[in-house]
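User: I am new to this structure and would like to learn how to read its charged pairs and its surface. Could you take me through them step by step?

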Amino acid sequence: TSKLHLSGAVTGKALAIFNETGTDQALFTASASGTTKLTVLHNGLVDASAGGLATYSKAGTISDTDFADTAVDGLFGFDTTNHRLYFREGSAWSYIAKTGGFQIPNFEAEGLAQNDYLMPYVENTMSDGAVHGMYKKFSDVKKELLADIYKLFADMKEKFITKQSIQEEMCIGTEENKTCLNKEQVDLVIKNLPTPEVVGTTTTSATISVSPTPTPTPEPILTPISETIATSSGVIE
(Lines give C-alpha, C1' and ligand atoms only; values in the text may rest on other atoms or scores of the structure.)
Protein backbone atom coordinates (compact mmCIF):
# COMPACT_ATOMS: atom_id res chain seq x y z
CA THR A 1 0.00 0.00 0.00
CA SER A 2 3.01 2.34 0.03
CA LYS A 3 6.13 2.90 -2.06
CA LEU A 4 8.26 1.28 0.61
CA HIS A 5 6.78 -1.13 3.11
CA LEU A 6 8.97 -3.16 5.48
CA SER A 7 7.44 -5.92 7.51
CA GLY A 8 9.01 -8.72 9.50
CA ALA A 9 10.82 -9.75 12.66
CA VAL A 10 14.52 -9.13 13.11
CA THR A 11 16.95 -10.13 15.85
CA GLY A 12 19.73 -7.83 16.95
CA LYS A 13 19.09 -5.35 14.14
CA ALA A 14 16.63 -2.57 13.36
CA LEU A 15 13.91 -3.14 10.81
CA ALA A 16 15.43 -0.38 8.71
CA ILE A 17 18.93 1.08 8.94
CA PHE A 18 20.07 4.34 7.31
CA ASN A 19 23.84 4.54 7.47
CA GLU A 20 25.29 7.77 6.13
CA THR A 21 29.08 7.44 5.90
CA GLY A 22 29.88 11.03 4.98
CA THR A 23 30.79 13.83 7.38
CA ASP A 24 27.94 16.31 7.27
CA GLN A 25 24.98 14.93 5.30
CA ALA A 26 21.53 14.34 6.79
CA LEU A 27 20.55 10.81 7.80
CA PHE A 28 16.93 11.14 6.78
CA THR A 29 14.75 13.72 5.05
CA ALA A 30 10.97 13.76 4.70
CA SER A 31 9.37 16.14 2.20
CA ALA A 32 5.95 17.09 0.88
CA SER A 33 5.77 18.19 -2.79
CA GLY A 34 9.47 18.94 -2.64
CA THR A 35 9.28 21.00 0.57
CA THR A 36 11.35 19.56 3.41
CA LYS A 37 9.28 18.97 6.52
CA LEU A 38 11.50 16.84 8.72
CA THR A 39 15.21 16.11 8.73
CA VAL A 40 17.32 13.90 10.94
CA LEU A 41 20.65 15.66 10.85
CA HIS A 42 24.06 13.98 10.74
CA ASN A 43 24.56 14.71 14.45
CA GLY A 44 21.24 13.03 15.33
CA LEU A 45 19.24 16.20 15.98
CA VAL A 46 15.75 16.48 14.51
CA ASP A 47 15.09 19.61 12.47
CA ALA A 48 11.45 20.40 11.80
CA SER A 49 11.89 24.11 11.07
CA ALA A 50 9.46 24.07 8.18
CA GLY A 51 6.36 23.14 10.14
CA GLY A 52 7.60 22.90 13.74
CA LEU A 53 8.18 19.83 15.84
CA ALA A 54 5.01 18.83 17.69
CA THR A 55 5.03 17.05 21.02
CA TYR A 56 2.25 15.45 23.02
CA SER A 57 -0.47 17.98 23.87
CA LYS A 58 -3.44 17.75 26.24
CA ALA A 59 -5.60 19.92 28.48
CA GLY A 60 -4.28 19.43 32.01
CA THR A 61 -1.39 17.92 33.93
CA ILE A 62 0.80 15.45 32.03
CA SER A 63 2.01 12.21 33.65
CA ASP A 64 3.20 8.70 32.73
CA THR A 65 -0.38 7.48 32.32
CA ASP A 66 -0.81 9.70 29.26
CA PHE A 67 1.55 7.50 27.20
CA ALA A 68 0.61 4.09 25.84
CA ASP A 69 4.18 2.79 25.92
CA THR A 70 6.40 2.81 29.00
CA ALA A 71 7.27 6.42 29.79
CA VAL A 72 10.98 7.22 29.58
CA ASP A 73 13.09 10.25 30.41
CA GLY A 74 13.23 12.83 27.64
CA LEU A 75 9.50 12.93 26.91
CA PHE A 76 7.84 16.29 26.36
CA GLY A 77 4.24 17.40 26.56
CA PHE A 78 2.28 20.62 26.53
CA ASP A 79 -0.54 21.42 28.96
CA THR A 80 -2.99 23.71 27.16
CA THR A 81 -5.03 24.47 30.30
CA ASN A 82 -2.31 25.69 32.65
CA HIS A 83 0.07 26.75 29.83
CA ARG A 84 2.96 24.54 30.91
CA LEU A 85 5.67 22.69 29.02
CA TYR A 86 6.20 19.35 30.78
CA PHE A 87 9.38 17.28 30.57
CA ARG A 88 10.29 13.95 32.08
CA GLU A 89 13.68 13.69 33.78
CA GLY A 90 14.86 11.48 36.63
CA SER A 91 11.69 9.38 36.30
CA ALA A 92 9.61 12.41 37.31
CA TRP A 93 7.70 15.12 35.47
CA SER A 94 8.53 18.79 35.86
CA TYR A 95 7.27 21.80 33.98
CA ILE A 96 8.12 25.27 32.76
CA ALA A 97 5.19 27.66 33.05
CA LYS A 98 4.09 30.41 30.69
CA THR A 99 3.08 33.14 33.12
CA GLY A 100 3.66 36.80 33.98
CA GLY A 101 4.88 35.77 37.43
CA PHE A 102 6.04 32.35 38.54
CA GLN A 103 4.32 29.14 39.55
CA ILE A 104 5.11 26.93 42.51
CA PRO A 105 4.58 23.18 41.99
CA ASN A 106 1.82 21.70 44.12
CA PHE A 107 4.28 19.44 45.95
CA GLU A 108 6.16 22.58 47.13
CA ALA A 109 3.08 24.66 47.95
CA GLU A 110 2.22 23.07 51.29
CA GLY A 111 1.53 25.72 53.93
CA LEU A 112 1.17 28.53 51.40
CA ALA A 113 -2.04 30.54 51.15
CA GLN A 114 -3.28 33.40 49.02
CA ASN A 115 -1.67 36.78 49.88
CA ASP A 116 1.27 35.16 51.71
CA TYR A 117 4.50 37.12 51.23
CA LEU A 118 7.40 35.08 49.86
CA MET A 119 11.13 35.74 50.04
CA PRO A 120 13.39 34.30 47.30
CA TYR A 121 16.79 32.93 48.26
CA VAL A 122 19.67 31.02 46.63
CA GLU A 123 19.34 27.33 47.48
CA ASN A 124 22.48 26.02 45.74
CA THR A 125 24.91 26.56 42.89
CA MET A 126 24.58 24.61 39.66
CA SER A 127 27.46 22.76 37.95
CA ASP A 128 27.85 25.53 35.34
CA GLY A 129 27.94 28.35 37.91
CA ALA A 130 24.26 29.24 37.70
CA VAL A 131 22.26 29.33 40.94
CA HIS A 132 19.04 27.59 41.86
CA GLY A 133 16.57 29.83 43.68
CA MET A 134 13.82 28.86 46.11
CA TYR A 135 11.43 30.78 48.31
CA LYS A 136 10.27 30.90 51.92
CA LYS A 137 7.31 32.50 53.66
CA PHE A 138 8.21 35.94 54.99
CA SER A 139 6.55 35.15 58.31
CA ASP A 140 8.92 32.19 58.74
CA VAL A 141 12.12 34.16 58.13
CA LYS A 142 11.27 37.70 59.28
CA LYS A 143 13.19 37.32 62.56
CA GLU A 144 16.28 36.28 60.63
CA LEU A 145 15.89 39.03 58.02
CA LEU A 146 15.17 41.79 60.56
CA ALA A 147 17.68 40.65 63.19
CA ASP A 148 19.88 43.76 62.73
CA ILE A 149 16.88 46.09 63.07
CA TYR A 150 15.63 44.26 66.16
CA LYS A 151 19.09 44.59 67.71
CA LEU A 152 19.19 48.32 66.90
CA PHE A 153 15.89 48.90 68.68
CA ALA A 154 17.01 46.81 71.63
CA ASP A 155 20.19 48.89 71.92
CA MET A 156 18.17 52.12 71.75
CA LYS A 157 15.82 50.88 74.45
CA GLU A 158 18.75 49.89 76.65
CA LYS A 159 20.40 53.28 76.23
CA PHE A 160 17.49 55.70 76.31
CA ILE A 161 14.73 53.96 78.25
CA THR A 162 16.04 51.49 80.79
CA LYS A 163 19.06 53.61 81.75
CA GLN A 164 19.21 57.23 82.86
CA SER A 165 20.58 59.69 80.39
CA ILE A 166 22.90 62.19 82.12
CA GLN A 167 23.01 65.64 80.55
CA GLU A 168 24.59 68.90 81.64
CA GLU A 169 21.61 71.05 80.67
CA MET A 170 17.96 70.68 79.78
CA CYS A 171 17.00 72.85 76.82
CA ILE A 172 13.66 73.78 75.24
CA GLY A 173 13.20 75.45 71.86
CA THR A 174 15.07 75.40 68.60
CA GLU A 175 18.81 75.38 68.10
CA GLU A 176 18.72 79.09 67.22
CA ASN A 177 16.25 80.09 69.93
CA LYS A 178 16.34 77.95 73.04
CA THR A 179 16.17 78.26 76.80
CA CYS A 180 18.41 76.02 78.90
CA LEU A 181 18.50 75.21 82.61
CA ASN A 182 21.41 73.66 84.44
CA LYS A 183 21.09 71.23 87.36
CA GLU A 184 20.94 73.92 90.04
CA GLN A 185 18.21 75.80 88.20
CA VAL A 186 16.17 72.65 87.63
CA ASP A 187 16.54 71.71 91.31
CA LEU A 188 15.33 75.18 92.27
CA VAL A 189 12.27 74.85 90.02
CA ILE A 190 11.45 71.43 91.44
CA LYS A 191 11.93 72.64 94.98
CA ASN A 192 9.46 75.48 94.47
CA LEU A 193 6.76 73.40 92.80
CA PRO A 194 3.64 73.43 94.98
CA THR A 195 2.15 70.15 96.06
CA PRO A 196 -1.02 69.49 94.05
CA GLU A 197 -4.20 69.61 96.08
CA VAL A 198 -5.98 66.27 95.98
CA VAL A 199 -9.75 66.33 96.31
CA GLY A 200 -11.29 62.87 96.27
CA THR A 201 -9.88 61.18 93.18
CA THR A 202 -9.37 64.41 91.25
CA THR A 203 -6.01 66.12 91.24
CA THR A 204 -6.22 69.89 90.81
CA SER A 205 -3.66 71.57 88.66
CA ALA A 206 -0.89 73.31 90.52
CA THR A 207 -0.15 76.88 89.56
CA ILE A 208 3.32 78.27 89.98
CA SER A 209 3.09 81.93 90.99
CA VAL A 210 6.12 84.14 90.99
CA SER A 211 5.95 87.00 93.54
CA PRO A 212 7.51 90.20 92.36
CA THR A 213 10.56 91.45 94.23
CA PRO A 214 9.32 93.92 96.91
CA THR A 215 10.24 97.52 96.24
CA PRO A 216 12.54 98.90 98.97
CA THR A 217 10.94 101.56 101.20
CA PRO A 218 12.59 104.88 100.41
CA GLU A 219 14.57 106.58 103.14
CA PRO A 220 12.62 109.48 104.70
CA ILE A 221 13.61 112.90 103.51
CA LEU A 222 14.58 115.18 106.41
CA THR A 223 12.98 118.58 106.26
CA PRO A 224 14.91 121.35 108.05
CA ILE A 225 12.98 122.93 110.89
CA SER A 226 13.62 126.60 111.65
CA GLU A 227 14.08 127.23 115.35
CA THR A 228 15.27 130.27 117.23
CA ILE A 229 17.46 129.69 120.22
CA ALA A 230 18.18 132.62 122.47
CA THR A 231 21.57 132.74 124.08
CA SER A 232 23.28 135.19 126.31
CA SER A 233 25.42 136.28 123.42
CA GLY A 234 22.86 136.56 120.68
CA VAL A 235 20.31 134.73 118.61
CA ILE A 236 21.03 131.49 116.57
CA GLU A 237 18.72 130.28 113.85
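**Reading the surface and the salt bridges**

Analyst: Leu15 lies in the segment before strand S1 (28–32), where strands are DSSP runs of E with at least two residues and helices are runs of H or I with at least four, numbered from the N terminus. This is a predicted model, in which local features need pLDDT of at least 70 and side-chain atom pairs count only at pLDDT 80 or more, while totals for chains, interfaces and linings use all residues. Residues are numbered from 1 along each chain as its sequence is written, and side-chain values use heavy atoms, leaving out hydrogens and water.

User: Is Asp64 buried or exposed, or partly exposed, and what does it pair with?

Analyst: Side chains of opposite charge can pair when their charged atoms come close. A salt bridge here is a side-chain nitrogen of Lys or Arg within 4 Å of a carboxyl oxygen of Asp or Glu. Asp64 forms one with Arg88, the closest N and O atoms being 2.8 Å apart, and this pair links distant parts of the chain, 24 residues apart. Asp64 is partly exposed at 32% relative accessible area, whereas Arg88 is buried at 9%; buried means under 20%, exposed over 50%, and partly exposed in between, with a 1.4 Å probe and protein chains only.
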